[in-house]
Amino acid sequence: MEINKITLMDAYLIETLRSNGVSNDELLNQIGLQDISPWEKVKPNFDFTGLLNLYEQDPKAFASILFDGYTVKFITLNGLQNLLEMKFDKIKERDFQLTDKGVSYLNIDEDIYPVLKQMLSKNWIIHELSEHDSSHSMKEIHILLA
């Protein structure tokens, strides 16, 4: 199965809704109804019509984006920081260090690692710092510009 590629803004829209309690099923249902009005209060400065456009391009691909994941076409350093917070609840200084070349010392659950890896655009490289240890469910990684 090929992973769908989306823009950073599309990822922001999806992850903003998810982080505000909107499930994939609810998101797909509302988009199918062409009704984004319930989300206008979630983030008033976001234009959720972008998700309508994404759905209209290919409804099956849109469902796959929600349920199977996605790759962001191009992520900036600031975009990476925002996605880490929105999607994984990882906060700068608390969960990782931000450098001019990327993110350092990010501890991430083994279960979430494949999702993060899949999401990253090709301009990022992950360096694993800790060897896998079956007694730990966390990985320590750097995410650096390629």
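(Helices are DSSP runs of H or I with at least four residues, strands are E runs of at least two, and both are numbered from the N terminus.)

Keep in mind that this is a predicted model, where local features need pLDDT of at least 70, side-chain atom pairs count only at pLDDT 80 or more, and totals for chains, interfaces and linings use all residues. Residues are numbered from 1 along each chain as its sequence is written, and side-chain values use heavy atoms, leaving out hydrogens and water.

Back to helix 4, which spans residues 59–68. Its buried residues are Ala-61, Phe-62, Ser-64, Ile-65 and Leu-66; buried means under 20% relative accessible area, exposed over 50%, and partly exposed in between, using a 1.4 Å probe on protein chains only. At the helix start, a side-chain oxygen of Asp-58 comes within 3.2 Å of the backbone nitrogen of Lys-60.

Now for the rings. The whole structure has 3 aromatic pairs (ring centres within 6.5 Å, taking the six-membered ring for Trp; planes under 30 degrees apart are stacked, over 60 edge-to-face, the rest tilted).

Phe-46 counts as buried because its relative accessibility is 19%, while Phe-48 comes in at 2%. Tyr-55 and Phe-62 are buried too. Ring pairs also join Trp-39, Phe-46 and Phe-48 into a cluster.

Key. A polar contact is a pair of N or O atoms within 3.5 Å; within protein, one must be able to donate a hydrogen and the other to accept it, and residues adjacent in sequence count only if both atoms are side-chain atoms.
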